[in-house]
Amino acid sequence: MSARLDYFTVFDLPRKLQINEEELQRLFYELSRRVHPDFFQTATPAEQARSLERSAVINRAYRTLRDLVSRVEYLIQLEEGRETKERATGIKPKAPTDLLEEMLEIQEALQEAKAGGLDGPRRQHLRDVQARLTERRKSEEASLLDFAREWDAAVDGNGDRKGLLDRMKQTLAARAYLNTVINDLKEALGEETQTHVSHRRH
Amino acid sequence: MSRIVGIDLGTTNSLVAYMEEDFPRVIPDAEGRVLLPSVVAFTPDGVLVGEAAKRQLVRNPTRTIYSVKRFMGKGYEDVKEELRYFPFQVLPSHEIVRIRVGEREVTPPEVSALILRALKERAEAHLGEPILKAVITVPAYFNDSQRQATKDAGRIAGLEVLRIVNEPTAASLAYGLHRLKEGIVAVYDLGGGTFDISILRVKDGIFEVLATNGNTHLGGDDFDRAMVDWFLADIRARHGVDVGGDLEAMQELRLGAEAAKCRLSFEDRTVFTLPLTQHGFTYRREIFRVELEGLIEPFVQQTLSPCRLALADAQLGLDQIEEVVLVGGSTRVPLVKRRVQELFGKPPHSQLNPEEVVALGAAVQAHILAGGITHMLLLDVTPLSLGIETLGGVMSVLIPRNTTIPTTAKELFTTSVDGQTVVDMHVLQGERELAKDNRSLARFELRGVDPMPAGMPRIEVTFLIDANGILQVHAQELRTEKAASIEVKPSYGLTDAEVERMIEESFIHAEEDVASRLLIETRNEADAVIRATERALTQGGHLIAEAEVARIKEALAAVKAVSDGNDRDAIREATGRLNQATLHLAEVLMDSALKEALASKQVTEALEKK
């Protein structure tokens with residue numbers, strides 16, 4: 001196993017999207033027990049260095065594969081043969097076309113909130129929007145489940161993988177866009193957020 | 001391996017613990033006290049640490065240093081706001097904090113080293129053997145500079161710091177040994193100067209931290225300060241006297257307020273007295289618990305928001321927390337307990353002494369490292385996002401917060417000008433959009449890049465956060481596969497050379513012969529490598545070619561031939577060659593361990609949910 005191995009191979013898995021997350025966790029714990037630096041304190045310096053390196057790969061692999069969204073992002077990267085820079089998925093946030101009009105209105109409302117604060121009805125309106133968009137995000141994420149099934153079937157058989165990857169990318173772009181807007185809404189409503197949400201995968 | 005102790009290096013008090021049979025125990029001093037006040041006094045008669053230093057604090061306020069943990073890994077700019085609370089003098093500078101004591105200056109790691117040294121000696125007296133290795137705890141929310149400063153303190157004290165472990169997670173290990181059920185656990189840790197919240201999943205002996213958050217500037221000290229300000233205002237109002245400028249009275253007031261706060265954890269009211277001999281009277285005031293609670297409520301409220309943020313990062317709701325554990329002396333305060341219980345909707349655990357549990361956990365982690373416990377493993381996270389400054393002063397995140405450590409990230413760098421041979425990087429930690437709002441960790445200079453047209457060199461920089469939460473950086477030019485040399489300028493830390501100078505100059509080692517100490521260190525290291533290599537050969541010798549075994553044995557014999565001698569360089573060189581010879585064997589061993597683990601996977605089908 002080299003440090004540049006892909007994350008599916010780390011767990012000896014085929015490049016499929018449906019994964020039993022509980023079993024993955026068990027395997028992650030098992031691998032950690034074998035390579036974690038804690039257990040190499042009296043080993044040779046070479047073994048200590050390897051242990052550190054392998055643990056890092058296993059940790060990243062687990063974090064990437066354990067939830068569907070980051071798994072799909074990673075798969076797209078792999079399939080498109082982009083250099084594995086962990087954070088760059090190459091997916092730009094893009095508003096779902098059916099929401100474009102409403103988005104303009106929301107952006108306006110956000111501007112107003114920033115400029116002049118929020119009165120009761122406006123606050124309520126933004127809350128409603130936030131709830132609706134959160135629902136929408138959920139449904140986008142749910143559609144990833146369908147794609148996952150289709151993808152795995154395509155791996156086994158001979159489906160249109162390229163087309164599937166494109167559709168998954170669209171879904172992720174929409175989700176990323178929704179994330180940004182939902183976080184802006186949260187901020188405008190004065191809810192607790194920590195910035196740099198953009199790198200948060202969930 | 002010689003014994004490894006666990007040390008809780010606290011803001012107010014410090015402790016040392018070790019593992020006896022299957023139980024961790026804190027080590028008392030000769031008088032039976034387990035808490036060592038984290039106070040260091042520089043007196044004309046020498047250095048005092050602990051109780052003795054605390055006792056003379058009122059008489060010698062400008063040369064007695066306390067709460068030094070608040071200054072670890074910090075710059076003057078970071079702390080100047082709160083300096084009015086401290087009687088000792090911190091010198092203005094652009095670098096790390098320097099404290100003036102009489103004729104000389106000391107840095108926070110040097111002061112901490114004196115506390116560590118006192119604990120080391122306490123353990124040595126109790127156990128009757130030399131103690132050279134330790135696990136030291138730090139707040140989970142400590143950044144890289146603060147962790148590094150703690151490690152430096154250990155080194156100055158003559159301790160090899162095998163691991164920096166987070167306080168809340170250490171506490172979970174102490175609880176986990178005998179008292180914790182499997183499930184999702186929240187550890188709420190409010191100490192003298194710092195607050196941490198960690199959310200863990202405990203399963204099959206694995207303690208996996210899911211998220212952590214906190215505030216490294218919030219704790220019992222703040223409660224005391226609120227009380228001090230309240231008493232000062234009261235004295236002014238009722239007696240028309242301003243005590244604020246009187247350093248000695250202020251220290252008496254602070255210690256008295258702290259004691260009153262502790263009494264109010266058990267009583268509804270208490271009487272606070274302060275002799276003001278200069279003014280010819282004694283201030284006397286009854287204070288009720290509800291009054292104290294009014295004063296400290298804002299600080300307690302400040303702990304709740306990090307709890308919610310940690311839960312959000314762990315993607316968990318409050319109702320999914322199965323157990324809540326209280327850690328740190330400040331969780332004895334009834335208001336704190338009440339607010340935590342309200343937040344999580346369940347009574348928190350506090351069976352283990354909240355002031356001792358972190359040290360106990362450090363001893364457990366030490367035992368794991370020594371190979372004494374094999375069924376437990378702690379998987380911790382990095383508390384803050386790590387990134388680099390990019391064009392326009394924006395921070396680009398390479399490793400997001402709450403990533404399981406150890407972890408790595410790689411980034412490609414190139415040149416922007418033809419013939420450029422040096423590339424700069426500015427490494428940051430924090431959650432803000434702009435570089436300037438985040439913590440500057442260090443500036444790196446990649447040197448020795450071959451002159452080429454702009455954009456041609458491809459330098460891959462690997463950022464590795466080790467199991468201590470401390471950053472290591474390596475760089476390689478991809479085209480030539482040459483390792484690039486990196487010069488590190490820590491923004492708020494000591495360089496290796498400075499630490500070594502401190503070891504030589506320190507109060508601690510004045511009596512020692514540094515050269516002979518270094519020789520002994522080198523010999524010990526060689527012996528450890530010899531033993532480890534022999535074990536690796538037994539384990540994996542059959543997995544590699546005979547010629548390779550022969551090469552390793554040859555290198556092994558070469559180390560043995562010089563390891564008892566006095567030539568430190570020869571020992572180091574031979575050890576280095578032996579390490580080189582074992583690189584491939586290490587790889588083979590690690591791969592075979594991983595293969596074995598993967599073989600435990602029932603069938604591939606089990607993992608692919610159909």
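User: In what order do the three strands of the open sheet in chain B run, and is the pairing parallel or antiparallel?
Analyst: In this predicted model, three strands of chain B make up an open sheet, and the pairing is antiparallel. Strand 8 (89–91) and strand 10 (104–106) of chain B are the edge strands, each pairing on one side only. Neighbouring strands here are turned by 45° against each other on average, direction ignored. The order is 8-9-10.

User: How much area is buried between chain B and chain A?
Analyst: On the contact side, 85 residues of chain B meet 63 residues of chain A. Carbon and sulfur atoms give 52% of the buried area. The total comes to about 6,300 Å².

User: How far apart are the closest N and O atoms of A:Arg50 and B:Glu587?
Analyst: There are six salt bridges between the two chains, B and A. One of these joins A:Arg50 to B:Glu587. A salt bridge needs the nitrogen within 4 Å of the carboxyl oxygen, and here the closest N and O atoms are apart by 2.9 Å.

User: Which helix gives the largest share of the side of chain B that touches chain A?
Analyst: Between chain B and chain A, 17 residue pairs are in polar contact, both at pLDDT 80 or more. By class, the side of chain B that touches chain A has 39 nonpolar, 22 polar and 24 charged residues. The largest share, 11 residues, comes from residues 583–599 of chain B, helix 15.

How values were computed:
Residues numbered from 1 in each chain as written. Chains lettered and ligands numbered in written order. Predicted model: local features only at pLDDT ≥ 70, side-chain atom pairs only at ≥ 80, totals over all residues. Heavy atoms only, no water. Contact = heavy atoms within 4.5 Å. Buried area = accessible area lost by both parts, 1.4 Å probe. Salt bridge = Lys/Arg side-chain N within 4 Å of Asp/Glu carboxyl O. Polar contact = N/O pair within 3.5 Å; in protein donor to acceptor, adjacent residues only side chain to side chain. Helix = DSSP H or I, 4+ residues; strand = E, 2+ residues; numbered from the N terminus. Nonpolar A, V, L, I, M, F, W, Y, C, P; charged D, E, K, R; others polar. Pairing = 2+ DSSP bridges. Axes fitted to C-alpha atoms, helices over the stretch in contact; angles between N-to-C directions.
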